[in-house]
Amino acid sequence: MQEIKLLFRKDLFILKNNLLLILKNPLRLLPYGGMLAYFFFIYTMRLNDRSEERESMPDLGADGLPEINFAAQNLSGGLTILALIFLLYQLFRATKKNVSFFSMADVNFLFTSPAKPQNILIYYMGRSILPSLGGSIIFLVYGASQMAGTFDFSPVNLFFLLMSFALFFFLLSPIRFLVYTLHTKYDLMETIKTGITVLAVILGSMILIPGLLADKFWQGMFSWIASPWFDLFPFVGWSRGMLTFVLHENLILATAFLGLYILAYYIIVRLVLQFSGYYYEDVLEATKTNEEQREKIKGESETSDGAFSLNAKKQLALPDFGAGAKAFYWRNYVHSSRQDFHPLFGIYSLVMAGLGIAFGTLSRFDWFSHKVLNVYLLILLGFYFLAGIGRASVGDLKKPYFFLIPASWSAKFWNVIKLDLIQISLFAVVMIVPSVVIAELHLLVIPLFILGILISYLIGLSINLIPQIALEESWDKKLIKPLMIGGIFLFGIIPTLIFAVIIFVFLKQFVWMLLVMVLGMGILSAILVHVVLDVLKKLEFKEI
């Protein structure tokens, strides 16, 4: 216990030093004060707009029973499925790579100290809830300010909303640590993979079976997943049970789910302590990987051709692309050729395009509603938005060769992202054209989706790139970068999405919602790309 107190005291000193560093320039906190004032203003406006609650009887069908709200059922089931996919993905990742709660500074100082390894692990495992808790608080502050006119956000409601998000993301790391520990100690990789596969098949059948039994597949596919008894499913169901406390207001039920989380954490910690043993060597590789990833984000190291590669040993015979800024395009072309089976259209693009065509075909034969294909298109827009954020972390724009190649800044930037734009455009055309034709959607969806997916990528690229290359001091990046990203979301992306949803509610046409999204996001991307080019012109290479 004394060692855990010393670790806690060490973190308090770190926090104190960071606060003193911030207070040296308190003007940095003014934007955060403005953001809190904005949230408070929106919250009070929503409270003023809240209308008196009126109880209404549900719509009754011909048999006298309440009609099923398929929109609410599919929304609940769809979000649950996304959480389940994320959980399965994290479990599968645990069979490949361990998770680390430590930094290289901890490896160099704490691991060599006389402190017990078990106490260090307990402390750092418990401390890992702070990022999840912080992210959940930020999300809830914005969400509560927007939804204050619809729900009553009492302290109890906010507590269960906060815990539903924080505990779900918090427990993923201890679970991954336990899975990897069991694999390394007892060589259970194949058993664990088989269990994850069986679980995925069972969950898939829980969508397929009720869908086939219903009159229309889309009406029944989420009837089991969205049912109240699925709240008993570990982690995902427990979080959903606490999240929906604002609706059912069953304090005993929500408290029971919270108790299940606490019991699960206790069991996981006991199992980790029992099976981890001398875990230093196991977490060292994961810690080094995390440190290398941070260096890549800062531009201090490069991504090797073998990273995430499917064809690293491929012999290449490439044409001459030219000189000058085209060297960036050639470099990315070589890297892509070693990553996938074709530099322009790889196996991942083929799978995602196949899914879109399959959804279009099934909706044509009334297995799915067109809404399923529409939702898939929106998911792809979000996916390529995240891909743009990930692309900005390569660090090419701070390398010496980026400054030494004789070409304009716009030409350099264009050739850095040229291959990405070609790959995205080719994928979008291959996927959307047959999907729209087969599903008999509005033909305007084709050009709008192609433009939308390119715009989503450019916005994601710019959001992470601007603070990455414009800010020099580390604390400026930690304080101002979240503010910049939050401002872009609050005043650019989210208003556009809200307006698009309003258009869809009134017109009931996906194509017009997509049109509004593309127009709004297009204006935002043009502004952000202009800022990127302006920042690049002022960028100077500094040898460290």
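Is F328 buried or exposed? At 4% relative accessibility, F328 counts as buried; buried means under 20% relative accessible area, exposed over 50%, and partly exposed in between, with a 1.4 Å probe and protein chains only. The model is predicted: local features need pLDDT of at least 70, side-chain atom pairs count only at pLDDT 80 or more, and totals for chains, interfaces and linings use all residues. Residues are numbered from 1 along each chain as its sequence is written, and side-chain values use heavy atoms, with hydrogens and water left out.

F328 sits in helix α14 (residues 326–339). Helices are DSSP runs of H or I with at least four residues, strands are runs of E with at least two, and both are numbered from the N terminus. The C-alpha atom of F328 is 9.9 Å from that of A411, a residue 83 positions away along the chain. G356 belongs to helix α15 (residues 347–364). Its relative accessibility is 0%, so G356 is buried.

Helix α18 (residues 409–439) packs against α21 at an angle of about 120°, and the two axes are 10 Å apart. Axes are lines fitted to C-alpha atoms, for helices over the stretch in contact, and angles run from 0 to 180 degrees between N-to-C directions. α18 and α21 are therefore oblique to each other. Angles under 35 degrees count as roughly parallel, over 145 as roughly antiparallel, 65 to 115 as roughly perpendicular, and the rest as oblique. The crossing of α18 past α21 is right-handed. A crossing is right-handed if the near helix is turned clockwise from the far one by less than a right angle, and left-handed if anticlockwise.

The axes of α7 and helix α12 (residues 251–276) come within 9 Å and cross at roughly 25°. These two helices, α7 and α12, are therefore roughly parallel. α7 passes α12 in a left-handed crossing. The contact of α7 with α12 has 23 nonpolar, four polar and one charged residues. Here Ala, Val, Leu, Ile, Met, Phe, Trp, Tyr, Cys and Pro count as nonpolar, Asp, Glu, Lys and Arg as charged, and the others, Gly among them, as polar.

Helix α7 also holds Y180. Y180 is buried, at 14% relative accessible area. The C-alpha atoms of Y180 and A94 are 5.5 Å apart, although the two residues are 86 apart along the chain.

The second largest pocket has a volume of about 290 Å³. Of its 13 lining residues, L91, I175, V179, I196 and L199 are the closest to the centre. α3 (70–94), α7 (155–186) and α8 (189–213) each give two or more residues to the lining. The lining has twelve nonpolar residues, one polar and no charged. A pocket is an open set of points on a 1 Å grid over the protein atoms alone, where a 1.4 Å probe fits, with protein on both sides within 12 Å along at least five of seven lines; lining residues have an atom within 4 Å of a point. Grid points are joined across faces, edges and corners, and a volume is the space filled by probe spheres set on the points.

Two loop residues complete the description. E249 is not a glycine, yet has a positive phi of about 55°. E249 lies in the loop between α11 (245–248) and α12, and is exposed at 55% relative accessibility. K508, also not a glycine, has a positive phi of about 60°. The loop between α20 (474–507) and α21 (510–537) contains K508, which is exposed at 61% relative accessible area.
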